[in-house]
Structures are given as C-alpha cells and as structure tokens.
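Student: I am new to this structure. Please walk me through how to read it.

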Amino acid sequence: MRANKSMQWMFLAAALLALPSLGIAQQGEVHVGKVTGHSDAGKQLYYRFCWGCHGFHGDGNGENGPYLNILPRNFVAATFKCRSTPTGTLPTDEDLYDSVGRGFNNSNMPAWNSLTKQQRADMVAFIKTFSPRWKTDKPGDPIHVPAESAVTLDSIKHGKELFTKLECWKCHGQEGRGDGPSAPTLTDSNDQPIRPYNFAAGSRFKCGATNHDLYKIFMTGLDGTPMPSFADVIKPEDAWDLVHYLRTLQVTTKSPELALWMTSKEGAEIVKAQKITGTPTGAGIKQ
Amino acid sequence: MRTKQAFMAGVAILAAATMTSAVPGGGTVSGKVTYEGTPAKQKPIDMSKEPSCAKQYAAPPPTETVVTGPNNALENVVVYISAGAPDEPPPSQAAVLAQKGCRYLPHVLAFQVNQELKITNEDQTSHNIHPLAKINREWNKSQPPGTPPISDKYDKMEFIPVKCNVHPWMHGTFAVMKNSHYSISGADGGFTLPDLPPGKYTVTAFHESYGDQTQEVSIAGSETKSVNFVFKAKPY
C-alpha cells in the first residue's frame, strides 16, 4: 500500500515535469505538425538567409529593402498578409511556416522549400522573437472553412453576382484584371503603391494556389494591404460560389471552373472577349 | 493608533475612488486652439468615381486634413489630459462612426480604451474600414451597403488614422483615450475639459496634420483655467 502511494507521487511528479512538452509551447518554440522549431537554430538561419532584406532587427529595413518593389515584411510590427486567422489577429505557426515555404508570388520573397521542414520551423520560431505581440497576444482562431460545394454553372453565376454586389470590381476590375477604378490609388500600410491582383494573367495567388487558399484570402483579408476581410458579410456557402467564379477570371489557367464556364454561352463570350495583358501584380496594365 | 491608520487608509481609498472619475463641480480647463501662418488649402473632393456619393452634395465638399474657422480657429484638435488623471473604465455607450456621403462623420472620433466602437455604413456603396493602428492591431473589413454595424474596441491608447481603400479621399482619425477628460475643438477652436479634481495636469493638444503640443496646468477647487494652443500651419 505504502509502495503504491509513493509510486503515485512519482507518477504525479513525472507528469508535472512532462507538462511543458504536452502541448504547452515553450518560449522560443513552435510546433508545426510533428516538427518542433527552435528559435536558437532559427537565428543562425535568419542571419544567413533572411536579414539582407528583413533587416538585422527584423524591421524590414535590410540592405536590400529599399530596392524591392514590395517592401520586406516588418516582423516587429507583426502584421501578416497570409493567415488562416481573422483580420487583426496574429497568424498561426502553420501560417508562417507555409508562407516561408511557399514564398510570395510576384514579390522578391522566394519559396524556401530548399530548406528542410526543420529549418523552416526553426526560422518561424526565430521570426516570432522580433515582436512583443507574440507574448501579449494569442494567434486568432483559424476561420472555419466548410467542405467545398460542387462546381456548377449556378454556383459560378451566383459568384459573379457576388463579385458585382460586393464591389470586388472597384479594385480588381470588371474582368478581374486588376484595373478597377480604385486600382491606381491603392497603397499598402507602408504608404507604398500596391496593385490589386490581376486574375487574368496569374495562376497563383499571394497566399497559395488552391480553392481553399482563395477562400481564406478574401475571408481573412490580407492585413497590411487594401484587401479587406469579407468574413462578416459573406456566408460560407456563398463564399464557395465566389471562389468558383474567381477561378473563371483566371482565363490563362486551366481549371474545372473555367472549363465548365466555357460550356455556357455567357461564359464563352465573356472569356473570348478578354485580351490578356500585363502581369499578375498589375504592372503593364493601362489604368 | 490602529484605528487612526485604518481611518487614514479609508480616506486614501475614498480619495483614490474619487480620482478615478470626473468630479462634477470640479475645476475646468478651457481655451481655444488657433493656427498661425497659412494652412494648406483644402481641395474639393472629386467623387465622380462614386456617383451615389457625389450626388449627395450640391458642391463637392473639401478635404478635412486641416479644418479652420474664423479668427484662425483650428477645428478637430483633440485636447486631453495626458498626465495627472488616472485611467478610467470605459463608459457603457458606444462611440459611433458613420460613413455617409463617402466621408467619415465625425472626421475625428474620440473614445476610451475598451469602449465599444460602432461603425455604420449609410451609403449605397461598399466601404472598407481600414484603421491603420500601429500600437493596437491593424485590421481591415469590408462593409457593403445595408450590412449591420461593425463593432470593435481598442485596448491601448493611440491616435489611429482611418481610411477606406476603395475611396481614397476618405480619411479620419480615431483618438483612443485613457480617461474621459478629452474634448475636440469646434468651429471656433474652443474646447472644455470640465469636472477635474484638484491637481496638476498635463494638457495635450493633438492635430492630425500638425502633431501635438503640451502645457502644464494646476487646478484648485472649482476654478476655470484658461489654456490656449497655437499650431504653426504648414502651407502644404
């Protein structure tokens, strides 16, 4: 009996010692899937690969910074474009990890998928040491993305109505070519000019390439840019309709949505009438 | 001895309690905000790209980065007690920012830390509300016509520029205050900070284009102290 009791105590002590590794992240650690990233290791990588643009202090003022069209991210401000979390909240570790591996299409941020998963997770852990926000704020709860609805002509047509009703065209243009009436006036939160996405010339988006990524982009918004969150104004089931329509605007990219749209008289006429000019960032487009 | 200590402690607690809120019949700081020099000329806003807003005006309204009145009065200056007054819990009523005619009403909205902020869209067009917070979190939300008010609050003091990316002429300011002692200068440049308990205060005046100034003031009893601010206008 006595032995049992002391065993119990030992178990309790062992459990207490093990607590920090049971889901409670240690300071300077991040968890992405089964990988645990460490900021100490990330520091070595940061001062080899990242600081030239993102700066010694992580404030985006690296040596190369001023020469880049889209300024490097300022990790001290901790405002991030690509998130699964609501606007105004910190991203999850996975969001940052995905951004490092994916890179930012049409910017100078390359995809760091030449590094190992471990190295990328280490980098994320170190990036999070630059801003005190990571100590005071918790990342937002990722938005719920329901299962994708079927791609139908009705869904695409409804998406087209939403595109008009929600005035996406004010910036992205009637045909999604990044040439809407407000496009030339847009600036990001650093007061740098920024162009809306040109769907017609691009296949990838800033925050991914899948329908799921596209859903998240307009529901969470791209913080630090003019792209707002529509989470409060689009119902989840409507959101998939908008995704399906947006795909048909990518007239140079094959997709089930575009193929189906082309089978309809309306869709075929619209797509045929489009002339593709410019790049996905909007450069070379007549405003 | 012990009772006396307890009594003194009680007095101290009472004093602290009265310090945490405005005292009716307390002292007042009031005055005028003016400018010297030539302020930038406010240009008429071209709303032709948004006809539903443009048609609400007989003549295009001017921009509001510097709003002046007769006798060099400077409007839209947030005058507040920046030191000397304790932080206060927020009032229960919400501060409301309306988007109307593709402008922000009011142009400068002051409210307290953790006070509810409601943003309404009274226009027939979509706006995106993009408060460019640096100390608080920056967010950016779309608000199509006919949708419910957006509700939010800020937990730190800050002057936050607000803009709508769709309508680039729309600019405003949120003034997130730590206590209830604030006033926004009117068309005559006048402001009043009433109900101040006796004490030493730092009074700060903030203008979105001209920055801020401070002055020290002591209040005893129910006196009214006059404090005036003069901003140097920039012609651009």
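Student: Leaving aside its neighbours within four places in sequence, which residues is T28(B) in contact with?

Tutor: Contact means heavy atoms within 4.5 Å. By that rule T28(B) touches T192(B), L193(B), P194(B), D195(B), I219(B), E223(B), T224(B) and K225(B), with neighbours within four places in sequence left out. T28(B) belongs to strand β1 (residues 27–36) of chain B. Strands (E, at least two residues) and helices (H or I, at least four) are DSSP runs, numbered from the N terminus.

Student: What should I know about the model and its labels?

Tutor: This is a predicted model, where local features need pLDDT of at least 70 and side-chain atom pairs count only at pLDDT 80 or more, while totals for chains, interfaces and linings use all residues. Residues are numbered from 1 along each chain as its sequence is written, chains are lettered from A and ligands numbered from 1 in the order in which they are written, and side-chain values use heavy atoms, with hydrogens and water left out.

Student: Is T28(B) buried or exposed?

Tutor: Buried means under 20% relative accessible area, exposed over 50%, and partly exposed in between (1.4 Å probe, protein chains only). T28(B) has 14%, so T28(B) is buried. Across chain B, 47% of the 236 residues count as buried.

Student: How many helices and strands does chain B have?

Tutor: Chain B has two helices and 19 strands. Its C-alpha trace spans about 75 × 40 × 30 Å along the principal axes. Take the contacts in chain B with a separation of 6 or more: 64% of them join residues 24 or more positions apart.

Student: At what angle do α6(A) and α9(A) pack?

Tutor: Axes are lines fitted to C-alpha atoms, for helices over the stretch in contact, and angles run from 0 to 180 degrees between N-to-C directions. Helix α6 (residues 153–165) of chain A meets helix α9 (residues 236–249) of chain A at about 90°, with the axes 7 Å apart. That makes α6(A) roughly perpendicular to α9(A); angles under 35 degrees count as roughly parallel, over 145 as roughly antiparallel, 65 to 115 as roughly perpendicular and the rest as oblique.

Student: How many aromatic pairs are there over all chains?

Tutor: Rings of Phe, Tyr and Trp (its six-membered ring) pair if their centres lie within 6.5 Å; planes under 30 degrees apart count as stacked, over 60 as edge-to-face and the rest as tilted. The whole structure holds 26 such pairs over all chains. In one of them, F75(A) and F130(A) have ring centres 6.2 Å apart and planes at 15°, so the pair is stacked. The pair ties together parts that are 55 residues apart in sequence. F75(A) is buried at 6% relative accessibility, and F130(A) is buried at 14%.

Student: How do F126(A) and F130(A) pair?

Tutor: Edge-to-face: the centres are 5.1 Å apart, with 70° between the planes. F126(A) is buried too, at 8%.

Student: How many residues of α4(A) are buried?

Tutor: Eight of its 11 residues are buried, including M123(A), V124(A) and F126(A). What covers the buried residues of α4(A) includes β1 (29–32), β2 (35–38), α2 and α3 of chain A.
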